[in-house]
Amino acid sequence: KVALVTGGARGLGRAYALRLARLGADVGIIDINLRSFEEFEREKREMSGETVIRELENLGVRASGVEADVCDASQVEKAVQTIAAELGDIDILVANAGGGIGSHFGSRASELDPEQLRKVMERNFYGTVYTVRAVAPMMKRKRYGKIVTVASVLGLQSNAEGSFADYGAAKGAIVRYTEFLAQDLGPYNITVNAIAPGFIGTGRILDTVDMQGQALEEVRENIALGRIGTTEDCAKVVEFLTTRLSDYVTGAVIPVSGGFRYGAKSNA
């Protein structure tokens with residue numbers, strides 16, 4: 001199979017790409033910066049190659065990487081066509097690009113900054129839509145495909161303060177879009193499902209959030225399993241949703257959060 005992972009240069013996206021490669025898929029990566037891992041010390045230490053493209057090739061599969069902004073539909077279309085020309089039509093899509101960069105506890109529902117809201121919606125929801133639009137025709141022709149969108153626990157539940165509302169709204173839109181998309185593409189034997197990660201210890205999170213002492217304990221207290229999630233926790237679920245194991249699963253949203261719940265104080 002040929003897989004495409006957006007936002008695959010580091011963090012969760014990189015974990016998804018490596019997992020798919022270890023299963024034998026050729027993997028294409030779209031990222032706004034294929035060396036974005038260099039921004040975070042933990043990410044740099046984890047790398048076993050010059051970029052994730054080299055890491056994938058070292059696993060014995062074909063790989064292709066294109067730098068593009070998922071907020072721009074024309075860039076996404078060109079990037080997808082470039083990767084398909086190198087690797088073949090795409091069978092598996094993990095629409096991972098997005099994130100809450102710029103969102104913060106001050107992003108309360110009644111006080112959202114219009115410009116910040118636009119950026120968050122474009123990066124998450126619109127980027128997902130643009131990528132699906134570019135990939136779906138290939139899957140329809142083959143009458144086969146596995147699409148995984150990436151939501152968040154914030155797309156399923158609000159926190160106590162009503163903060164991070166821009167990010168939560170964008171991820172909530174992805175949840176609903178996934179359900180509609182599953183109905184649309186089901187007749188073509190294409191499954192569409194979403195994962196909703198909780199507090200996952202990526203290099204970016206661990207480098208930018210105070211994870212020591214009381215702060216770490218407060219997060220753990222809100223997680224039923226009592227630990228911070230890992231990128232591999234999420235990659236295992238992506239494996240399920242992109243293989244034959246999930247052939248009769250579509251329109252589902254799977255929280256990968258260790259049982260995370262928002263208490264009186266939000267910690268994610």
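The points below concern a predicted model.

1. Overall make-up. The protein chain contains nine helices and seven strands. Along the principal axes, its C-alpha atoms fill a box of roughly 50 × 40 × 35 Å.

2. For 268 residues, a compact globule would have a radius of gyration near 18 Å. The protein chain has 18 Å, so the value agrees with that of a compact globule.

3. Of the 268 residues, 53% count as buried. Among contacts with a separation of 6 or more, 78% are between residues 24 or more positions apart.

4. Surface and charge. The accessible surface of the protein chain is about 11,900 Å², and carbon and sulfur atoms account for 50% of that area. There are 31 positive and 34 negative charges, and their mean positions lie 4 Å apart.

5. The largest nonpolar core. This core has 49 residues. Leu4, Val80, Ile90, Leu93 and Ile147 are the residues with the most contacts inside it. At least two core residues come from each of β1 (2-6), α4 (73-87), β4 (92-95), α5 (114-142), α6 (165-185) and β6 (190-197). The largest share is that of α5, with 10 residues.

6. Valine 80 in detail. Which residues does Valine 80 touch, not counting those up to four places away in sequence? They are Leu4, Ile30, Ile90, Ala134, Val135 and Met138.

7. Phenylalanine 164. This residue is not a glycine, yet it has a positive phi of about 55°. Phenylalanine 164 is placed in the loop between β5 (145-150) and α6. Is Phenylalanine 164 buried or exposed? Its relative accessible area is 13%, and buried means under 20%, so Phenylalanine 164 is buried.

8. Asparagine 189. Here too phi is positive, at about 65°, in a residue that is not a glycine. Asparagine 189 sits in the loop between α6 and β6. With a relative accessible area of 46%, Asparagine 189 is partly exposed, because that class lies between the 20% limit for buried and the 50% limit for exposed.

Conventions
Residues are numbered from 1 along each chain as its sequence is written. This is a predicted model: local features need pLDDT of at least 70, side-chain atom pairs count only at pLDDT 80 or more; totals for chains, interfaces and linings use all residues. Side-chain values use heavy atoms; hydrogens and water are left out. A nonpolar core is a set of buried Ala, Val, Leu, Ile, Met, Phe, Trp, Tyr and Cys residues joined through side-chain atoms within 4.5 Å. Buried means under 20% relative accessible area, exposed over 50%, partly exposed in between (1.4 Å probe, protein chains only). Helices (H or I, at least four residues) and strands (E, at least two) are DSSP runs, numbered from the N terminus. Contact means heavy atoms within 4.5 Å. The radius of gyration is taken over C-alpha atoms; the globule rule is 2.2 Å times the number of residues to the power 0.38. Accessible areas come from the Shrake-Rupley method with a 1.4 Å probe; for residues, only the protein chains shown count as cover. Lys and Arg count as positive and Asp and Glu as negative; His and the chain ends are not counted. The place of a charge is taken as NZ of Lys, CZ of Arg, CG of Asp or CD of Glu.
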